[in-house]
Amino acid sequence: MFKSIRKHFKLAKKFTKKEVPDEEVPNEELSNKDRVRNNRFRILILGPANAGKTTLLERLTNSSAGAAIVTRNGERIEEVPKGYDQRGIHNIDDEITYASNSDFVFHDSGGFEAGGVEELQAVWKFIRKRSLASPSQQLHAIWLCIPTDNDRPFGFRESGFLSESTASVPVIGIFTKLDGRETKERSAVLDPTASPSDFLARATEVKQKVDEFVRGLKIQLQKERYPPAGFACVGNMHEDTKQSVASCNRLLRTTIDALPPGTQRSLLKLTVGKRNRRVHTIYVLERVLDGGAEGPVSSCINEIRVQFNYVQETS
């Protein structure tokens, strides 16, 4: 059995090297290929507690809950304390990685939700320091998470952050927890005793209300002195579905488009390509081993091809 598993994996690996489209890493941007491959893409993620930040990172890296590896001053924190992401406990300099995809390094500004001067100053100090750091330690992007399940998700804390320029580090506004927003809007237009037919009939109305809510937030953000360079919407990140994978791909594509041409953009494109190959190869192999993809090896390879076509469509 294990010989069969290894055989499938080798074939999948061979396929990924050959078939992943070149557009993921344009040749004209790979003059610094060696430099790109020696670095990891570093992201600062901002937002209040319960904004869906951790769930987003777990889905993005295809990791299970609680799989984060937190490193402080080069040493791993073996036991992350409860309430780690709350004010006064979190350290913005801590590196957060995941064994399932170590090409990303995240920094989380716990306490940002407090909106206090000290917290905001710590964020700006971190950004300035990382902008002057060596290539392997530089900050490449900032993700500002705005939970849409909150009726007032945007306030003075976000406005204060967007009042100063982040220079060459683009900020992406991420509207998280869209599923929570949908639940709120559905409750507003439907009676608790509504029948399934009523539920379906009002589905379009609910979607329109969610879109209007997000549109209003985007307009508000665009009025700031230094608005985000791009926007992305995510929801149902706690579920491993094609929709959640597509949301992650759109977020990564938005981040790529916001980056200036050159090494940083090439680095993220290379990282995204490696992530997609890893996520979808694992997905297909799990289907093969679980009996979800039956037939000879050629059928398994064809299944992988279908999944990569899906990546191209949603990236």
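This is a predicted model: local features need pLDDT of at least 70, side-chain atom pairs count only at pLDDT 80 or more; totals for chains, interfaces and linings use all residues.
Strand β4 covers residues 95–98. In a regular strand the side chains alternate between the two faces of the sheet. In β4, E95 and T97 lie on one side, while I96 and Y98 lie on the other. These four residues are all buried, so both faces of the strand are covered.

Two strands pair with β4. With strand β2, residues 68–72, the pairing is antiparallel and runs over four bridges. One of the residue pairs here is I69 with T97, the latter being the bridge partner in β4. The link from β4 to β5 is a hairpin of two residues.

The loop between α8 (203–222) and β8 (230–233) contains R225. The relative accessibility of R225 is 63%, and exposed means over 50%, so this residue counts as exposed. Leaving out residues up to four places away in sequence, R225 touches L162 and S163. R225 also lies 7.4 Å from E164, C-alpha to C-alpha, although 61 residues separate the two in sequence.

C145 has a relative accessible area of 0%, and because buried means under 20%, C145 is buried. C248 also counts as buried, at 0% relative accessibility. The structure holds zero disulfides.

Notes
Residues are numbered from 1 along each chain as its sequence is written. Side-chain values use heavy atoms; hydrogens and water are left out. A disulfide is a pair of cysteine sulfur atoms within 2.5 Å. Buried means under 20% relative accessible area, exposed over 50%, partly exposed in between (1.4 Å probe, protein chains only). Contact means heavy atoms within 4.5 Å. Two strands pair if DSSP finds at least two bridges between them.
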